[in-house]
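User: I would like to learn how to read the side-chain features of a protein model. Could you take me through them slowly?

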Amino acid sequence: MQHVITIRVRYPEVDGMGYLHHSRFLQYFEMGRVELLRSLGHSYADLEREGVFFVVVKAAINFRAPARYDDELTLITRVVKQTHVRFDHAYELKRGETLLAEGTTTIACVGRDGQVRQIPESIGAPPA
């Protein structure tokens, strides 16, 4: 499973030197996860209303090259592993063919009470 989105670096996302601030990469990764889910026919907002939430329990980023204001970037988001309660994602953020960053996250499915719960089968959990 993978999904690709295009992101334009906005002015408030850069630091004083004009480079994309490192804190924005995780926000971009979240955008990739949400749009991957949407491409599969699911709205994260609807899942939240149903009491299904995903929390980041692990994140890692390897920075390779900087991005600047107004750069057009491509984010590739992949599901690399899933269990009954979590998804592991991998990300590649590029400007053209230049790899800017690689990252991974693990997200766990929790209920409204914050307790781990099974991922609903309707969104791709492996059958029990």
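Predicted model: local features only at pLDDT ≥ 70, side-chain atom pairs only at ≥ 80, totals over all residues.

User: Is D71 buried or exposed?

Analyst: Buried means under 20% relative accessible area, exposed over 50%, and partly exposed in between (1.4 Å probe, protein chains only). D71 has a relative accessible area of 17%, so D71 is buried.

User: Which residues is D71 in contact with, leaving aside its neighbours within four places in sequence?

Analyst: Contact means heavy atoms within 4.5 Å, and with those neighbours left aside D71 is in contact with I7, R8, V9 and R95. A polar contact is a pair of N or O atoms within 3.5 Å; within protein, one must be able to donate a hydrogen and the other to accept it, and residues adjacent in sequence count only if both atoms are side-chain atoms. The side chains of D71 and R95 are joined by such a polar contact, at 3.2 Å.

User: How many aromatic pairs does the structure hold?

Analyst: A pair of aromatic rings is described by the distance of the centres and the angle of the planes. Rings of Phe, Tyr and Trp (its six-membered ring) pair if their centres lie within 6.5 Å, and planes under 30 degrees apart count as stacked, over 60 as edge-to-face and the rest as tilted. The structure holds five aromatic pairs. One of them is the edge-to-face pair of Y11 and Y69, with 5.4 Å centre to centre and 90 degrees between the planes. This pair links distant parts of the chain, 58 residues apart, since Y11 is in the loop between β1 (2-8) and α1 (24-39) and Y69 in the loop between β2 (53-63) and β3 (72-82). Y11 is exposed at 58% relative accessible area, whereas Y69 counts as partly exposed at 45%.

User: Why is the pair of Y44 and F54 called tilted?

Analyst: The ring centres of Y44 and F54 are 6.3 Å apart and their planes stand at 40 degrees, so the pair is tilted. Y44, F54 and F87 form one aromatic cluster.

Technical notes
Residues numbered from 1 in each chain as written. Heavy atoms only, no water. Helix = DSSP H or I, 4+ residues; strand = E, 2+ residues; numbered from the N terminus.
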